[in-house]
Each structure stands twice: as structure tokens, then as C-alpha cells.
Amino acid sequence: MSTIVSLPDQSTARVPKRNYLTNENGLLSWLLTGDHKRIAILYLISITFFFFIGGALAGVIRLELLTPQSDLMAADTYNKVFTMHGVVMIFLFLVPSVPATLGNFLIPIMIGAKDLAFPKINLLSWYLYLAGGAMTLAAMITGGVDTGWTFTTPMSTHFSNTNVITTGLAIFVAGFSSIFTGLNFIVTVHRMRAPGMTWFKLPLFVWAHYAASILMVLGTPVLAITLVLVVLERTIGIGVFDPTKGGDPILFQHLFWFYSHPAVYIMILPGMGVISEVISTFSRKRVFGYTAVAFSSVAIAVFGFFVWAHHMFIMGVSNYAVLVFSLLTMLVAVPSAIKIFNWAFTLYKGSITFETPMLYAFGFMGLFTIGGLTGVFLGTSGTDIHLTETYFIVAHFHFVMVGGMLMAFLSGIHFWWPKMTGRMYPEKISQLAAVVTFIGFNFTFFPQFLLGMLGMPRRYAAYPAEFQVLNVFSTAGASILGVGYLLPMIYLVWSLKYGAIAGANPWQATGLEWQIQSPPLTENFTTIPVVTQDVYDYEWLERQKEHEVTHVG
Amino acid sequence: MGLSPVLWQFLVKWMVNFAIIPPEASKIASQVDALLVFMTLVSLVGLVLVGLLVTAFSILYRRDRNPVATQIEGSTLLEATWTIIPLGLFLVMFVWGSVLYFRIYTPPPNAMNIYVVGKQWMWKAEHPGGQHEINSLHIPIGKPIQLTLISQDVFHSFSIPAFRVKREAIPGRYTTVWFEATTPGTYHLFCTQYCGTQHSGMIGDIVVLTPENYKKWLDSSTSGVSLAQNGERLFASLSCNACHNGQPDSRGPSLANVYGSRLTLASGSPVLVDEAYLRQAILNPSAHITQGYAPIMPTYQGQVSEEGLISLVEYIKNLSSNYRVQQTLNTTELLPEQPDKVPGKTNGAPSAGAQGVAKP
């Protein structure tokens, strides 16, 4: 099968001596860096660390659920494990995953800037993330927390005897890291585009991050306020959520989901940005319906703010409120459908190759389609009653978050690995990893849809014996999935030393990031580029290549 | 669904046998399943469509076959197509689902009401005839049953998969759900809202009985005191009757026929007197003063358990005249003064004392 990879002659090629990795040496040069690329690497290392912690917790959950009884651990321990799995995966992995690593690394380069608008705030956001992560670990080690990542009141305020305050404050702190990242992206995209880089020449990766940034900046403060109220309720008993003091526990639900639903889009939108870049590059074609895809990101961000109460259909909110929120939920499903079809039609009359990033992107499309469509089952109020709070919803959001976002993250990491490190990952084994991940994922999470249909509630340490067969399937799948995640960890590290020299543009891609050396210089561009070509302009790229050939030859 | 009932029966049997759906044991279940089947079919068509497009394009336009891509801007017609068709389908699901939602959460007026109190980690059901159950619920087929749920601690959720209904039990407010069972049998009851250590132990049985067996069960499980009778005793022991006695000069408004009526509060705003209002008026009287009365009622917060409140609400609901109130007044006057809290009266001793006074 043919490939588009074009590498420089390996016998003579060298990784450029001067680049952002070698520019300065020593630990301090990393810890005090303002370089967006180095901060991206710092983030990449830290989120990978937390991903494997969250993943290990997931493994423990699946092991416990292998048998109907709660026999591996006490029910309390199980509750703490799934709470920590949720907190770590959502706040310390998924939310920063693509934006803080790939977004941080690429957005300035993609728009032709030397750095983000506020490099020091960017570094501060990483330190806040680390502080939040350390506090979460401290909460876990000193006894854990058992409220579920949703911190439902009055469970979290009055009934739990675990480290709710530490964990709440950890998320509060980590939330600010997210706010600062979003703020930085918004200002950078508005103010620092290179000459000629108009809004409609921005890669869709940038559009998706811009939309996600708006959500981060407007949504996260609400979560922060809510968690502070929970902490104040626990410490001094202010009673905002306490019915015996005239408070309302439902208010907590409203506030929590006002952030936590848009947070889903914070997590998925950057992943969608990755998919647009990857599909375009490996079909040698501009993204079909660029404007529609760009605006669908914005539409998701806008509608995403007005659907939060679909988490509360069975909680005794007014039937008429349910009508409104169910309708708006249907509206937010449409932009996702638009994206899927546009990606599919990007392939039409393309010239397609199947390198690893593309395989992950195909995986994303399949799994995200299932995740999105099952979301409609839950947004439809009549069927939500039966399906909510069961394994159906667990399967649904894992299809979107793990099947969607994690696939997109791995796709992006492979795609930009040569740019970030100057070296290629090994192709064959990574294709295998992509396939193993896809198969393992489906084995793990598809049975959970059936469990949910049958009514098995989520967050159960023990369950009726009739559900065991499907749970065994799920646990078996999780072990395959674990292998799928360990493989990249190993061969990517291997490739740092032994990977083939990538050269500036191994994929023959059109983005500005591919027109500079790999790994880039600290200042990205020696001279600020003037953008004359269109976005995804493969004809321009061909002309550039011919130009080079005629001049050199 | 325009599907023949025979075919539907066959389909449901198949889905239950292959453990894709739980058994259908309520009237609403087959209606919910019809929508679930519709949505599954639409989803499959969508998924297959995307899968076919991606697969076909990947084969037709792979680099070996098509070395040079043709650049295409997009197509407004196609964009409109895949905006409008999914939107249309989603709107059909929205309307269909909303109709079901309103059905599931709008009890018919003739429904039999059973109260359910959730607490860490058990379900307590209070039948109007005074039958109490823990972690089980006995109901007859062919009769609409309304559940009025409340939690006395954290959020719980009362889920009966075989009925396709579920409702959150929330501290401090009543929620309702209703269903009509169709098939006798024993079905799962789950708490689906995470509620702490023994969340997965907060399960039980929904026992659906034929009307004859149900009557037998009612007779064998009766405690001898109906909810309203228990409420009457509480009404007397808490000295509610001292003010709410229906006499012209009484300090509290008459409660006869108050349930279901519209009151004007001291603040001037009108309210509908329902279960939730009665409960709130007992716990937080100062915010629920009827126009024309002085704010002298003390709060009963912490003095009456949720079960006690249920008994009081049931009593007031069934109060059509003040005759019984005045009778209780006479009996309390005969008795020596009752202390506010009656210790030891909640362990089920067959005494004249009312159950539901909060334990100290």
C-alpha cells in the first residue's frame, strides 16, 4: 500500500542542531520556560502520568466487576476508586489533553506567531495544573474521596466523611489552569495572527480550540464557585444546598451541570480539530465544507451552554423545562452530525493513505458516531427515564470521551510526533496499536450499552448475577484496551532515540507548522510568514515543491 | 408504531430472550420500547451510512487507485441535506419522547398513591392501608399506582427497569411517578443514584400480584392502623388540634377540605394546597401563613420523621370535616399531658401512640 511519507535521506539527514529542545539546557530551563512548545511537552508528560493513574484505577474497577459480589475490595473502597478514576480522567487528563499539549504546541505556529499572547500565564497554568494534580493525589493517598466525580449534594456536604474539601479545592485550582489556557488561546487567535492569516484561513484545529476556549473561560468559573459553595457548606454550613436551612440541593445540580455539560464539549471539540487536520492530510484534500465545519464548532459551543438540565430529567424539574432542554439537546446534536458527514465527504475524490493517525481518525469517526447517536437516546426525555443512571450512560460517555477524544488525542500525537520530536514513530507497530485499541474499546464498552438497556445501575460494587456475562466481556475487553494504550507509550519513547529522522514535512501537509524545521526553533519562524495561500491548499504546496526542484536542480 | 401487534410480541420476546431488554411488565414499557427500537434503527442506518461512505471512499479513492486528489470546496446542497434530515429525525424523537415523558410523569387522577421514603440504604414503602415494607413493593396488576417519593438523607433514585420508569427521591421535596403493572411476577428494584457505601445494596423486589393475591397480601400485612389513622394520632399527640380545630375562634385555619383548594397566603400570593405544600407548611410554617392568621405556629422541623409527615399529610388529605378533629381534642383533653417527644413508641408496639415522631 502506498504512503505519502517522504523522509529525507537517512544516511545524511540530521535532526537540526538548534531547536527548541536544545536551545537551553538544564532542569531550570524547562521549569522556568516561557516557550509554548516546552510547556506543551511538560503538559504532555504530566497528563500521561495522570492518564496511567486513571487507567490503573479503571483496571481495578473492571477487575472488581468481573464477579457479581463485591469481593476484590470493600464497597467503600470501590466507591473511592471510581470517584478517583472520574476525577483524574476528567479534570487531569481529558480537559487538558489536546488543548494543553497539541493546542499549546501548535496554535501559535499554525497562525504564524512566535508564542502565545501570555507566555508566563501559560507557564503558570501548568503549575496550577500540577498543584491541582498534587492535591488530588494527596486526597487519594490520605484516604480518598467517595462522592463520585459529580460531588452530588447533600452526599458531598453532609454525609461523606472523606477528603471532599481537598479534592474540591484541587479541582478548583486545576480549573484555573484551564481558564488561563482558554484565555491565552482566545487572545492569541484574535491578536497574533500573521499578516494574511484571515479567520477563514485558520486551520479547523484552531477554530475548534477557539470554540473550546470560550467554553473554558465562561464555564469553568461556575464550577469553581460551585465547589467553593460545597466547601463552605462543609466547613461553616452556609446551607445554600441544604433543604433544612431553606437551601436547595437541586440548585447544586443546575450549577454543576452548567459547567459539566459544556465541559464535555471542552473535551471533545479540540479532538474534532485534530480529526479535521488528519483527514485532510491523508486524503490530500481540503476539508469538505470548511465553513460549515468551522461554524459547527461555534454552534456546539453556543448551544452547549443551554442543554445542562438534560442531566436532570428525572430529578423533579418542571415538565416544561424538560421540553425546552430536550429540544435544545436535539439542536446541539446536529452540528456533530454535520462534522461527521463533512469528514466522510472529505475522503470523496481524495487520494487516501492509511498511516496510523488516519487509522485512529477512522476509529474516532466510528466510535464518536455511536457515542453521539446514543446521546440522542438520552436527550430524548421519554427514553432517558429508562436509560439514565445505568450502564447505558457509562457506555455513552466513554464512547464519546474515550472512543472519541482519546482516539483523537492518539491520532494527533502520532500525527505531530515528527514535528514535536523530529523523529518518526515506527509505522507498523503503531498501526497494530490503533487496531488493538479499536477492538479492545468495542469489547469493553459495547456490552455496557446492553447492560444499561437491561437496567444495571452505574456505580454498583455488586450486581445481580444475571449481568455477569456481559461484565466479563467488558473486563476482557479492558485488558485488550490496556495493551493498546501501553504500546504507544513504549514505542514512542523508543522512537525518541531510534526513530527515523522526519525532516520538516514528512506528511506533505499544508499547515504552517509543516513549513518550518522539526523540531521547530524556539522562535518558531525566523521571519514572520506572510500568508498568501489558502487553508489546506495542496496545489500551493505542489507549486512550492516544483519551485524548489527547479531552483535546486 | 405501525407494526402488527403479533410481530411486535414476537420481537419483544426475542429481545427479552437474548437479554437485550428487560421484560415488559407495565403498560408504558412497550411504548418506551417502541421508541427505543425506532431510535436504534435510525442509529443503525446512520452508522451504516457513515461506515459505507468511509469504506467506499477509502477503497475507491485510495492512493493506489487515485494518485491525485480533486479539490472540492463543498456543497451547499449536501450541507443542507445532512443538516435537515438529522434535525428532522431528532425532532421526531423529541416529540415522541416528550409525549412518553409527560405520560410517565403525569399520574391519572384515579391512581392509588403509595409513599416511598428512601434512606441510606433502604427503601421504605408506606401503603395507604398502613402496610409498611422495606426493600420491596407489593402492587396489583391492572391498577394505576402513583408513587410519592422523598428521601430523608441524600439523593436516591427509584428504578424499576421492567416498568421502564425511574424517579429521583430528593431530600426536602416530593416527586411522583406512576405506572400500571401488567404481568404478575417479581422484578428488580434498584437505587440508581449513587448514595454512598451500600449504594449497590439498596435494591429490592417489585412484587406484582393478581388482584386476588394482592388482597390476600394486604390482609396479611396490615398493621391495623392506616396512614390516615396514624396521622390522626400524630395530629393529636403533637397538639396540632389545639389550633387547627375548625372552631370559629381557633388560632389556626380549619384544615377540613383544604387539600386541593387554593389558598391566599399572608404575602398575598395564591397557592395550590398539595402534598408538598402541606409538608412545607408543617416544617416551615412562617413562610406559609394563611391570610388572616397570625404567624404563631412553631416549626416541626426535626420533630416529625418523613414517615410521620406522610401520615399527617394523608390525614389532612382525607379530612372532609372537623368532626374527627374535635373528637381527638376531646380524647387529648382526657389524657394526661403528652410530652413533645414520645420515646419508644416507634418500635412497633401496638399502642394508641402514633408512629412517626422523630427519634431524639
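Two strands pair if DSSP finds at least two bridges between them. Helices (H or I, at least four residues) and strands (E, at least two) are DSSP runs, numbered from the N terminus. This is a predicted model: local features need pLDDT of at least 70, side-chain atom pairs count only at pLDDT 80 or more, and totals for chains, interfaces and linings use all residues. Residues are numbered from 1 along each chain as its sequence is written, with chains lettered from A and ligands numbered from 1 in the order in which they are written.

Chain B, then. β9(B) pairs antiparallel with strand β10 (residues 204-209) of chain B over five bridges. There, B:Leu189 stands opposite B:Gly204. β9(B), residues 185-191, also runs antiparallel to β6 (residues 156-160) of chain B, joined by two bridges. B:Phe158 has B:Cys191 as its bridge partner.

Now the two chains together. 76 residues of chain B are in contact with 76 residues of chain A; contact means C-beta atoms, placed from the backbone, within 7 Å. On the chain B side, α2 (27-60), α3 (76-105), β6, β7 (165-169) and β9 each supply at least two residues. α3(B) gives the largest share, 19 residues.

Last, chain A. Helices α4 (residues 97-110) and α7 (residues 164-191) of chain A pack at about 20°, axes 11 Å apart. Axes are lines fitted to C-alpha atoms, for helices over the stretch in contact, and angles run from 0 to 180 degrees between N-to-C directions. So α4(A) is roughly parallel to α7(A), the label for angles under 35 degrees. Contact residues include A:Gly103 and A:Ile107 of α4(A), and A:Phe185 of α7(A).

Key
Angles under 35 degrees count as roughly parallel, over 145 as roughly antiparallel, 65 to 115 as roughly perpendicular and the rest as oblique. Two residues are in contact if their C-beta atoms, placed from the backbone, lie within 7 Å.
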